[in-house]
Amino acid sequence: MSATPPVPATPVTTTTSTVPVRPKRRSRLKKALIFVGVLVGLGFLLFNVQTISEAGCVPSQMQSATETSGAFLIQDQAATPYGGRTRRLQDGQGVIEIAAEAYGIPLAEDDIASHYAKASVRLVQGNTVDFVVTVPADGEYTLAFDMVALAESTAPEGQLHIDGEYPISDLQRFIFPVYYRNSSTIFPTDRYGNDALISQVREMLWSTAPVRDVNFSEPYPLRLTLTEGEHQFSLRVTKGALYLGSLYVVPFTPLPDYATYLATLSAEDTSDYSITLEAELPSYKNATSVRPASDRNQTVTPYDTYCLVMNTLGGESWDESGSTVYYEIDAPQDGLYEISLRTIQNTRSNFTVYRRFTINGDVPFAELNAVPFDYSADWVEVTLGGETPYKVFLHEGINVLGIEATNSPYLRAIKTIQAALLDINALALEIRQLTGNQRDPFKEWVISDYIPDVEGRLNGIAQNLIDDKNTLLTGDSATSPESLAYQMAIDNLLFLADNPNDIPVYMTRFSEGSGSAAQLLGSLLPLLQNQPLAIDKIIVHSPDITPDVPSVPLMTSLLEDYRRFIHSFKPDPYQSLRANEGELEVWMNRPRQYVNLLQLMVDSTFTAETGIPVKFSIMPDETKLVLANAADIQPDVALGISTNIPYELAIRNALYDLRTFDNFDSFIRIYSPGALLSYIINNSVYAIPETQDFWVTFYRRDILDSLGIPIPQTWDEVLEILPELQRYGMNFNTPLSSGAGIKGYLITAPYLFNYGAPLYSNDGFATGIQNEAAIEAIKFMADSFTIYGMPLTTANFYQDLRYGTLPIGISNFDTYIKLLTAAPETTGLWDIALYPATVVADGTENRYATGSAQASIMFANTDMPDEGWQFLQWWMSTETQTAFQEQLILNYGREYLWFSANLDAFSQLDIDEGHKATILEQWQWLQEPVRLPGSYMQERELSNIWNRIVFDGANPRVAIDRSVILINREITRKMEEFGYLQDGVHVRDFSIPTLDTVIGWMENAN
């Protein structure tokens, strides 16, 4: 056999001698480079860590701004809102001026009136002025007033009769403008160097105000059709107070388009001029809810790596139609200018919002009456007019640029939705009246026999929505969630129109439930009405200048991100739970914006006046206060504590007895006496109320009026209207209907109070619910559901009231705020009345109800008790509470209403006067349940008794007797634990406080 030839050696040798060598060299070189890079990176890191750790957000000495008080602005018709309209009188274009001398009442001659060039009168709520206007020719006219609102007044409102009637419904209520400005030109900083909101002050600005619709949704001021000849005008002030100058009746003319506007101008383009205005610092505004915000985008100015800087305006806080910000521009010469803005609308996906632009009070041309701003995920530069920028005329000197949120492009859809909701509610009510709200899927109805036009009505509602759908198909809004919800509502209505006899089964697609046409349209309505937009800066420039688009180099951006990442490891000072030596440490159980505001108020007033420094921290978890006290890390004072917590701390000797202070009894005169009862143990008081809730009767006036049902004042009257409500598939809501969990003292105790039943025995060592009055109260509490058919559970009374399925019931502050701010379609349709009274055997009417919310406490281990008490007195004083509640609304809007437990402060809150009077009257009946060792068992067993009677059908006395044994056993055990009993023998007395106890303290105080 021949051997296999060997593989040639040379290639092998070549391969083995070259392949291993180069990788070794490259690997060593790569490792060396990596090593050097790591050393450089570590050095850079160590340097920057040291630098960044030493850097931080510290107060700047340059930020100590001096606040100024409100001032008058002498009227300048060239620079006031609507000023151009009043100039037409002098131009001879048919404007009719009614001077104040014609009003027939004495003229004002004080300092405010002296800042107006003509005669004026002072009007307060209830005043009426009558005058005659001679109209030269038939036609459409608008109205405007020269006026200024009083500094202490809310936004004045009025109504206007012409010839004894309202020619248009909008004249029944219109709003006069009020103006606000920053009290400083520099943002104050908190003690940690972050920008805080500048406090707002009222601007006493004489201006010419057009009469507009109350929602500021119409593209023009209200238009009146007047005939030639004399007309009797009667203006009544229905709210607030103001100085009124001349009235102007202006012939209506539509705004010219841009081409017409430009053709009428003889001015030329300016050149080489540009001024940049930071949007967060407007000259003044007409709504304090439009507030600055902080944006960490590096292209937004001003910018700071570590501090929160107020560098933008608006966003979600600038969405209400009619809210306007004004900027003063000092133009160097008469001429034409362009306007550019840096904006972002990332609040509402695929939705176009609009802004109305005015120059010296006038919209120059139609295109500026509603300028669209599309959705953008990042900041964008917008020049008005786009690729062919609009040129606007500015005169030499001060000009005022107004930017107003407007939903006028959506007005047609808004009105259609409002009408559709009314039609849906009316038809749903008819169907419920017919069917008794029965939902049996096997029961057949021939609705058309009883409501012959039901199909036509459904198709009519749907067709109106279809006709107006194109209103939403503009810009980004064509594919927005709002447009999809609109279509879903239309589909529901068309489905029901095809099957009208199935409506009783498909009410969840019509008027009830989360996917119904009513719910979809009701949720869509505020989305169309709200127009959020944020602005970074405004640039007014000559046409020959193109504003720069800000950008950040990549390396700069990376370095900033790196610095902020390292800085993020520094602790949040507001989460730090330790104060410095000599500082009063206060924990606050509220969000950051409350803490920021109170810290600023304390630093500028309380500390400045008393010399007592105060350190605020955001409370991590109020339920852990017992553990904090055990670990000796508790604060000196805690605010915003839930009403059930002070007793649990006090019974364990963790809280300071506030009644040991000499002036305590006189101090508590600011409260309702019953608000203190749950904080009292044996004549000692361990907390003071901070905010207060209320239980009142909410009702839909429109629905009850249509059914002819009166507003009940007593429980007997409630029982009388129940059959009529239930006949239409409706009912009366009670607090016991809310939720399926334990029914707490706050909603069960009032039944016992109103029947005159005691919660406990006279000595406090046993329950009092075996008393005959208590048994009667508990029986009624259960009979309301077992006999009279009140709803056992109500998932969301606010929604049921909003959509009319539960048109009346008892609820609290939470429902009030939601109806006030989140249900615009029900404005004017709902109201409140007192909690129903219980009529006892002797004819006495009792309407006691609870109302506790949050409280303030001081810990027993504090080494600054006098300072803590001084702080609590300052905090709950009428002056501080009034300032705090006003500033919350000024800074954040009406969603932040503060219902202070200080009755004097609450009486100054800017809410409906009728609502305020009702709440204050109900608070005269405020009574909190007294707590004692083991009372939690009684609270639990009252709930269990109700459940046994209602759900298990137990006999009331049997259910009560069973619970009495458990309650007394637990009270005895707890009395033993806390030293009131020893081996079953009383060794210490326990005092049960009453309303008379607290009233006696107040009356006998020095």
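User: What should I know about the model before I start?
Analyst: This is a predicted model: local features need pLDDT of at least 70, side-chain atom pairs count only at pLDDT 80 or more, and totals for chains, interfaces and linings use all residues. Residues are numbered from 1 along each chain as its sequence is written, and side-chain values use heavy atoms, with hydrogens and water left out.

User: How many helices and strands does the protein have, and what makes a run count as one?
Analyst: The protein has 29 helices and 40 strands. They are DSSP runs numbered from the N terminus: helices are H or I with at least four residues, strands are E with at least two.

User: Why is the pair of phenylalanine 785 and tryptophan 946 called edge-to-face?
Analyst: Start with the rule. Rings of Phe, Tyr and Trp (its six-membered ring) pair if their centres lie within 6.5 Å; planes under 30 degrees apart count as stacked, over 60 as edge-to-face and the rest as tilted. The structure holds 53 aromatic pairs. In the pair of phenylalanine 785 and tryptophan 946, the centres are 5.2 Å apart and the planes stand at 90°, so this pair is edge-to-face.

User: What parts does that pair tie together?
Analyst: Phenylalanine 785 lies in helix α20 (residues 772-786), and tryptophan 946 lies in helix α27 (residues 935-952), so the pair ties together parts that are 161 residues apart in sequence.

User: How do you know whether phenylalanine 785 and tryptophan 946 are buried or exposed?
Analyst: Buried means under 20% relative accessible area, exposed means over 50%, and partly exposed is in between (1.4 Å probe, protein chains only). Phenylalanine 785 has 6%, so it is buried. Tryptophan 946 has 2%, so it is buried too.

User: Which aromatic pair does tryptophan 946 form with phenylalanine 951?
Analyst: Tryptophan 946 and phenylalanine 951 form an edge-to-face pair, at 5.8 Å centre to centre and 85° between the planes. Phenylalanine 951 has a relative accessible area of 49%, so it is partly exposed.

User: What makes arginine 223 sit over the ring of phenylalanine 252?
Analyst: The rule asks for NZ of Lys or CZ of Arg within 6 Å of the ring centre and within 35 degrees of the ring normal. Arginine 223 lies over the face of phenylalanine 252, at 4.6 Å from the ring centre. Likewise, the charged end of arginine 590 sits over the ring of tyrosine 594, 5.9 Å from its centre.

User: Why are β33 and β35 called edge strands?
Analyst: Two strands pair if DSSP finds at least two bridges between them. An open sheet of 4 strands has the order β33-β34-β32-β35, with mixed pairing. Strands β33 (732-733) and β35 (830-833) each pair on one side only.

User: How do you know that β33 and β34 pair?
Analyst: 2 bridges join β33 to strand β34 (residues 808-811), and the two run parallel. Phenylalanine 732 stands opposite isoleucine 808, and asparagine 733 has glycine 809 as its bridge partner. Strand β32 (residues 696-700) pairs with β34 in the antiparallel sense over 4 bridges.

User: Which way do the residues of β34 point?
Analyst: Ile808 and Ile810 point one way, Gly809 and Ser811 the other, and all are buried.

User: Why is serine 511 called buried, and what does it touch?
Analyst: Serine 511 has a relative accessible area of 2%, so it is buried. Contact means heavy atoms within 4.5 Å. Not counting residues up to four places away in sequence, serine 511 touches several residues, including Ile424, Arg432 and Tyr803.
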